[in-house]
Amino acid sequence: MPEPSPRRRRVLGRLAVVFGVGLLLSVLPLPTLAFSMETVGATEDLPTTTTLPPSEVGAAQAASDEPLAAEPVVATDEATREFTAIGFTFDRAPSAPVLVRVREASGDFGEWHELHMEGEGGPDAGTAEAATSRAGTEPLWVRSADGYQVTMAADDAEQAEVVTVHEELHRTAADSTPLADASLAPPFGINLRSTWGARAPLSTSYASTVKLAVVHHSDSSNSYSPADVPGVLRSIQAYHMDGRGWSDIAYNFVVDKYGGVWEGRGGGIDRPVIGAHAQGFNTNSVGVMVIGDYTQAQPSAASLESVSQVIGWKLALHDVDPASRVAFTSGGSNKYAAGVVVDLPRVVGHQDVVLTSCPGSIEGSLGQIRDRAQAWTTWIRATAGPVGSVDRIVPGNGGLTVIGWALDMDTDGPVTVMVVVDGVVRPALADQSRPDVAASYPSAGPNHGFWVDVGGLSPGWHDVCVLAVNRGYGRDSSLGCSGAAVPEPSGRSPVGAIDGISAVPGGIDVRGWATDADAGSLPVNLLVDGQWRRTQWTSGNRFSARLLGITGGYRTVCGVGINQGPGTDLKFACASVNVPAANPRGAVESLGAAGGRITSSGWALDDESLDPIVVVLIVDGRWYSVWADRPRAGWDRNYPGYGDVHGYAVSVPASKGTHRACVAALNVGGGSDNVMRCENVVVK
């Protein structure tokens, strides 16, 4: 086979980029499953409390910036397993300061540390993530400890739980691609989630844009080395997920005192991922946290520059000037009630939107951060690559017309666009008159439109992606992927549309219309990523269905009308949606001992699969696995669509004595394994 010409190689390379972007709109890489050490949080009731000895009251009060409770109590645990971080959660916010100290390598307890409440953060009210949220303190990262003491008010202790963070061997799911649109990578280094061993998020939610940046500090120790940062991040994530009940680490980005930038919450660093960093102000904002306690300490110059860089880049993606202001509608915080419109700078500290002291002394540097972020935004706009859009795709007999515009701000002359239809590239120049573009970009002039006719297409749906080729510094820019259906000339084949699509964990709800000139009702095959999932008949030309057992990630649903007379079957529409990951669910109906054996029975399923999943009985750390594939008569009535073969039963021999037994449902796809029950079982 002859070697491709240089120009051909460039076209193939760019085609690979744009085709890859197109695939991202339909199929993100599935999480990779493996056994590895994972940082997790363990929640337990507070140990028995006693009155804090008078000899300790002075030292504890010296560590707190507020008065202690009138009669503080103390709880001690000197037999806990090794942990890397500790925090405390409550049914309601505590009435007095909470302080903790941990046992050091010498065997003695160290200094008291006040743990401020993290209540000003958290998911927005009314979200699914908020439904599982629990009030809690900031976590204290300790590197390694195996004992602690905590002091608080007696009434608070009655409703407190302790969350310790541990390294454990787990079956894990690695994260998916962090950059959703590779055409605008950041102009500085970002340590992605894979570099710090992040767990996959339980779910991911997206806003429509990003129009505000909120700066935080972690209110935790400043005594960490560069090598400690991944462990600090894992501990914070585990505390937020397993202690606070959140879906992932709260912050979108994290900066360390050495200037390192780290990807925080998953979902794509260039996408408007909704965090849990500022309650009422999470949607349409980006949260950037600096590791450390800056109540008294001053931030390093390196950390301030990195905060500026990541905010400047992130706001540039959404055409926002960091130096401007925004009228932001509160979703409800302890400072601004829901619905209140607040006039804010584009870059604020946490205390500007909620009642908190966060981000400490960094608040005084926000003016510097805004100025430097604006400089970064301006530079990125000038050098990142072409801008433009696909305005519409017009179907016609035997073809499509793709209409839009593109220009490159740092060069003169027209931009080449590559229109990719079903993987076939058709280059064209964006050199047609567009006065509206000239009005928005006066220095560029009007001749930046394109109108590309693509003929020779068969009837039915065709995928269309458009790439604008960079001519100066920067990269080629994807103008997006969509598509349209070419009509069948006879008019006797099905036509239709998907006019609604949404997702639930492990499932997709889709609705639309379809009609055939030769029938009052017709079957519609619904495909997910090209694979048949269900056939749904129309009623009054309408159809709707819930597709179950869908693995989390970006999925494309297409409708194929099954022809009912003259004509042919026709794929009439496609639409994409992000399906949240799901954890397994189930119930342990029995766990006990009989006849020298430990037995358990119950049921388990994972919403991301219609097939049976694996359940493990863990006895003293040893795993025994079975399939949850036993029939459950009538069970499908409560869980329609998943069948009735999700029961399990397991029995293993065990020696006499007390054994620690746990039952876990193993995850499929995204999400995490579900430890459904643990208890001590006595074999007689």
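## A tilted pair

Trp 405 is a buried residue, its relative accessible area being 14%. Keep in mind that the model you are viewing is a predicted one.

How are the two rings of Trp 405 and Tyr 441 arranged? Their centres are 5.8 Å apart and their planes meet at 50°, so this pair counts as tilted. Trp 405 belongs to strand E19 (residues 399-407), while Tyr 441 sits in the loop between helix H9 (435-440) and strand E23 (447-454), so the pair ties together parts that are 36 residues apart in sequence.

In total, the count of aromatic pairs comes to eleven. Another of them joins Phe 281 and Tyr 336: with ring centres 6.3 Å apart and planes at 65°, the pair is edge-to-face. This pair links distant parts of the chain, 55 residues apart. Phe 281 is in the loop between strand E13 (261-263) and strand E14 (285-290), and Tyr 336 is in the loop between strand E15 (325-329) and strand E16 (341-345).

Are these two residues buried or exposed? Phe 281 counts as buried, at 0% relative accessibility, whereas Tyr 336 is partly exposed, with a relative accessible area of 22%.

Elsewhere, charged side chains lie over ring faces. Arg 271 lies over the face of Tyr 206, 3.8 Å from the ring centre. Lys 257 lies over the face of Tyr 224, at 4.8 Å from the ring centre.

Definitions and conventions. Residues numbered from 1 in each chain as written. Predicted model: local features only at pLDDT ≥ 70, side-chain atom pairs only at ≥ 80, totals over all residues. Heavy atoms only, no water. Phe/Tyr/Trp six-rings, centres within 6.5 Å; stacked < 30°, edge-to-face > 60°. Helix = DSSP H or I, 4+ residues; strand = E, 2+ residues; numbered from the N terminus. Buried < 20%, exposed > 50% of the residue type's maximum accessible area, 1.4 Å probe, protein only. Lys NZ or Arg CZ within 6 Å of the ring centre and 35° of its normal.
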